[in-house]
Amino acid sequence: MTDSASTTNASVSAGPQHSKPLAIRNVTVTDSFWHAEQELVRTAVIPFQWRALNDQVPGAEPSYCMHNFKAAAAQNAAKHTQGTQFVPPTYTDRGFNALPDDPAHPDDDKFYGFVFQDTDFSKWIEAVGYSLAQHPDAELEATADQAIDIVCAAQLDNGYLDTYYILNGMDRHFTNLKDHHELYCLGHLVEGAVAYYQGTGKDKLLKAAARFADYVASRFGTEEGKLDGYPGHEIAEMALVRLAEATGESKYADLAAYFVRQRGQSPLYFEREDRARAEHEGQTFRPNTNKPKPYAYYQAHEPAVDQHEAVGHAVRAAYFYSGLADVARITGDKALTDAAHKLWRNIVDKKLYLTGGIGGTRHGEAFAADYELANDLAYSETCAAIALAFFSRRMLEIEAKSEYADVMETALYNTVLAGMALDGKSFFYVNPLEVRPRAVNYGDDNWSHVKTVRQKWFGCACCPPNIARIVESVQEYAYTLADDGNTLFTHLYMGGSAACELAGHKVTLDVTANLPWEGTGKAIFHTAGAAVQATLAFRLPAWAGGAAAANAVTTTAAVSRDVRDGYLYLTGEWHDGDTIAFDFPMPVRMVVSNPRVSENTGRVAFVRGPIVFAAEGHDNGEQLQSLFVDTASVGVDCSGVQAVPFDFTSGATGMDEKGTGEVDPVTRHMVMLRVPALREAAPVETPDDADLDAPRSPLYTAWRPVKCEPVTATLIPYFAWANRGQTEMRVWLNAK
């Protein structure tokens, strides 16, 4: 499914074009798990983030986002007023993160924050667009329109729109593509503009984004006099495909294809750029030392068609792979399609956390080596899981294989949701699978990236608005329409409806679903006219048994049944009111890692449906390393584990004067697991300031059989951890 309902007219190279759009934009979410998440975003997160963009959240790091747009708009107004008397600023490098000398009194005319700070607005307006599409809100729309007016007032006459260079000096723009995120800002602006246009019908921001894209197209390419570079931080690639589909203008898809195909071509553009910048600044050029090859951090070490291992910054990588898949789809380029498949296989076979997170190391926020999946030191950035969902969905657009939807679902229900507290007012940037507050809070730099509780905001605030935009648009991940227009795919099961033209008829699929806690639900087919000869294809979740789960799907329609690539194809004549019922089994599964993942040797984890579970100190006491799963009592079929519905109530007081870790009381229906376990008695710890002759527990002793007592371990959904205050947490538990 693409992000737009408009037909792709892209003319990027020879290759088959899709005759119909794959998107289904007329999708709604009704009373269901995701409806509650969207309501939280709509009522709490979007208003909170608007205050954050305007630096109005006490205790939160300032964004400076709207400050910068206002400053650029004022400078633009002065230019138009002064005419030839206007003296534009000459470029001054103020670093990757420019902060005011006096935080309480920032200068009105200066840029502050990270070089990509503009994207805080773009992601916010994207979430607003999705929200307004389903839930019109005149007050929110008016606020958004006012913000758009400010942003558009900052745009230069030539279409350029990046406040970092507008305020710091345009004489050096596009000279540091590698690090200064101008094309990343373009990408997010496009994403936000298209979403707002599709949600409201208003095109002011869309036109501004298109003008920026036009300016970029005029400056980039392999023709003489143009820059043969590409984005340092990817996202423009998939955004430009979306712009092409929204506007019907193939030139934007052409630009996306250029960026994908040019990346990593020899001689490496970023090396040439680094040399030129060093010479300009009178510095000594220092060769890039990324591994496995120079500029691998940026996925620019070799052409896309030669890449087969996911390397470098995980968010950049998954954004790039998403754009790669988009371009492969619209061009039919087999070499690009093969590259997308190889990169997908490397991620899911060797570099994917059980929770759907990616990025195993804080060094470069990057993929680690194959099978290196540290739990306590994991980076697993929220944005990276969101980017993986983007990649998954785009692989589904290339071919309908359930594996893509399985991974997408895992990322959405676990790492993505873990990034936001249940009250929507604090966030995780990093999502480890094990946390020990003693280690994290000690000040050891090894754990500097890990937080034991969610934070109110971040100066580098990519994750909170990213969560908002994907939650508000999650319904667009649930369905695709085959390019021949005759097959409607259901990938995710959530309450709501999907309306589209199927086999030449306007139809609606009304769905009720009880996921993620129960595998039950039904879909009712509606059509206003005659019977429809078509296919409805339903994903058979891996957690329900894969192909065997086809037996859990029944229908009142007289149609044929065929299972292919993890989907049940129901083909035949559909009448108004025909019903498809599903009752997918949702057994508890005790899982182990590939033996090459040394971190998890001797450990097990528990999954039920799409939900990964974790143990918290609140329920099990501290020293979780002393807790052992009693695998004999659990049983191979996990018959010894109880899945217990319960109402989870969040609530935590702030840990400092900024209110860090505070979570308002929120009650949500969930399922907990009660797991047979054993606990080793931990020796009493003697305080360091105890009397010298006080009894002490030695650090090392002679081996002897461990004495354990039977206990019952309580596991909660991973996404709900850290909503009741600081405590230990583990996904992977020791096993006996």
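In strand β8, Lys-506 is the bridge partner of Glu-501. The model is predicted, with local features requiring pLDDT of at least 70 and side-chain atom pairs counted only at pLDDT 80 or more, whereas totals for chains, interfaces and linings use all residues. Residues are numbered from 1 along each chain as its sequence is written, and side-chain values use heavy atoms, without hydrogens and water.

Strands here are DSSP runs of E of at least two residues, and helices are runs of H or I of at least four, both numbered from the N terminus. Two strands count as paired if DSSP finds at least two bridges between them. The pairings of β7 (residues 496-502) are as follows.

| Pair | Bridges | Direction |
|---|---|---|
| β1 (residues 26-29) and β7 | four bridges | antiparallel |
| β7 and β8 (residues 505-513) | seven bridges | antiparallel |

Because five of its seven residues are buried, β7 is largely enclosed by the rest of the structure; buried denotes under 20% relative accessible area, with a 1.4 Å probe and protein chains only.

The protein chain as a whole contains 19 helices and 23 strands. Its radius of gyration, taken over C-alpha atoms, is 26 Å, close to the 27 Å that the globule rule (2.2 Å times the number of residues to the power 0.38) gives for 736 residues, so the chain is as compact as a globular protein of that length. Of the 736 residues, 60% count as buried.

Technical notes
Buried < 20%, exposed > 50% of the residue type's maximum accessible area, 1.4 Å probe, protein only.
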